[in-house]
Amino acid sequence: MFSVIYLIAYFLVFRNWNPKQRPDATSCLISLAHGTPAVVLALSALFENPAIGFASENSKSQNLALDFSIAYFTVDLLHYLVLLPSDVLFIAHHLATLFVFVTCRYLVLHGSFAILVLLVLAEVTSACQNIWTLAGLRRGDLAVAANVYRILSPPFYVLYSIMRVFLGPLFFLKMSMYYLSGESDGVIPRWVSVSWIVVVGGAILVSILWISNLWVELVREMKKKGISEKKEM
């Protein structure tokens, strides 16, 4: 499914875009196709069995949610390896994410509760982020794109900060304390749970640094705009 969406996006939807922007735009479109449905699948799987915990056995619906995301990250990883091999950060992110999903789904068969909660926190901003990214790609040559990017930036930054800077780290702390306590060692080997902690912790740190830089840039632009408006007056 994601392969078909990718091909349609690359060869039809964005066929007239600048060759430098086309790969990024295509990646955004398959990300749009993944983000919100992934949140719906994950929430549905989580609410189906509210009594589950960090070491609970994966249910069929939870495995389906994991498979859906594994399919997306596999296609997007191939995209980066073929078209954007120099984007080492994204390649590393996708490899690490796939490691977590695949080990949870096919190796230990437990622990999807934690993975799916983190998936919801990460992907709930996906639609907003991808529209913002697409607008950013064209803001230099389309006034509409520039306006969408400008209007969408503050609310997107706020939503992203709530999910990735506050709620994400809080849940990560609770997850880490549980896995490091050894309570899950009987069903999830310690090396697996510790590797999940390292991967998720690294992803959260990168997210915090990324959104912090965007906030700094936004404040800088607002100050420049304020100074220029005063000079005009």
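Reader: Let's start with two helices. In which hand does α2 pass α3 where they cross?

Author: The crossing is left-handed: that is how α2 passes α3. Keep in mind that we're looking at a predicted model.

Reader: And how do I describe a pair of packed helices in general?

Author: You give the angle between their axes and the distance between the axes. Here, helix α2 covers residues 22–48 and helix α3 covers residues 60–83. Their axes come within 8 Å and cross at roughly 165°. Angles over 145 degrees count as roughly antiparallel, so α2 and α3 are roughly antiparallel to each other.

Reader: What kinds of residues make up the contact of α2 with α3?

Author: The contact divides into 16 nonpolar residues, seven polar and two charged.

Reader: How does α2 pack with α6?

Author: The axes of α2 and α6 are 9 Å apart, and the angle is about 165°. That makes α2 roughly antiparallel to α6. As for the hand, α2 and α6 make a left-handed crossing.

Reader: Let's move on to the rings. How many aromatic pairs are there?

Author: The count comes to 24 aromatic pairs. Take Phe54 and Tyr179 as one of them: the rings sit 6.0 Å centre to centre, with 70° between the planes. Planes over 60 degrees apart count as edge-to-face, and Phe54 with Tyr179 is such a pair.

Reader: Where in the chain are Phe54 and Tyr179?

Author: Phe54 is in the loop between α2 and α3, while Tyr179 belongs to helix α7, residues 143–180.

Reader: Are Phe54 and Tyr179 buried or exposed?

Author: Phe54 is buried, and Tyr179 is buried too.

Author: Another edge-to-face pair is Trp132 with Tyr157, at 5.9 Å centre to centre and 75° between the planes. Trp132 lies in helix α6 (residues 126–138) and Tyr157 in helix α7, so this pair ties together parts that are 25 residues apart in sequence.

Reader: Why do Trp132 and Tyr157 count as buried?

Author: Buried means under 20% relative accessible area. Trp132 has 7% relative accessibility, so Trp132 counts as buried. Tyr157 has 4%, so Tyr157 counts as buried as well.

Reader: Which residues do ring pairs link into a cluster?

Author: The cluster holds Trp132, Tyr149, Phe156, Tyr157, Tyr160, Trp210 and Trp215.

Reader: Now a backbone feature. Which residue has a positive phi although it is not a glycine?

Author: That's Leu109, with a phi of about 60°. Look for Leu109 in the loop between α4 (88–108) and α5 (112–123).

Reader: Last topic: the record. What does UniProt list for residues 20–223?

Author: The unreviewed UniProt entry lists "domain: TLC" there. In the model, residues 20–223 are 83% helix and 0% strand, and the end C-alpha atoms lie 31 Å apart.

Reader: Where does UniProt place the feature "transmembrane region"?

Author: The unreviewed entry places it at residues 64–82, 115–135, 155–173 and 194–216. Residues 115–135 are 90% helix and 0% strand, with end C-alpha atoms 30 Å apart. Residues 194–216 are 100% helix and 0% strand, and the end C-alpha atoms there are 33 Å apart.

Note on methods: Residues are numbered from 1 along each chain as its sequence is written. This is a predicted model: local features need pLDDT of at least 70, side-chain atom pairs count only at pLDDT 80 or more; totals for chains, interfaces and linings use all residues. Side-chain values use heavy atoms; hydrogens and water are left out. Axes are lines fitted to C-alpha atoms, for helices over the stretch in contact, and angles run from 0 to 180 degrees between N-to-C directions. Helices (H or I, at least four residues) and strands (E, at least two) are DSSP runs, numbered from the N terminus. Angles under 35 degrees count as roughly parallel, over 145 as roughly antiparallel, 65 to 115 as roughly perpendicular and the rest as oblique. A crossing is left-handed if the near helix is turned anticlockwise from the far one by less than a right angle, and right-handed if clockwise. Ala, Val, Leu, Ile, Met, Phe, Trp, Tyr, Cys and Pro count as nonpolar, Asp, Glu, Lys and Arg as charged, and the others, Gly among them, as polar. UniProt positions are given in the numbering used here, feature names are shortened, and annotations may be inferred rather than shown by experiment. Rings of Phe, Tyr and Trp (its six-membered ring) pair if their centres lie within 6.5 Å; planes under 30 degrees apart count as stacked, over 60 as edge-to-face and the rest as tilted. Buried means under 20% relative accessible area, exposed over 50%, partly exposed in between (1.4 Å probe, protein chains only).
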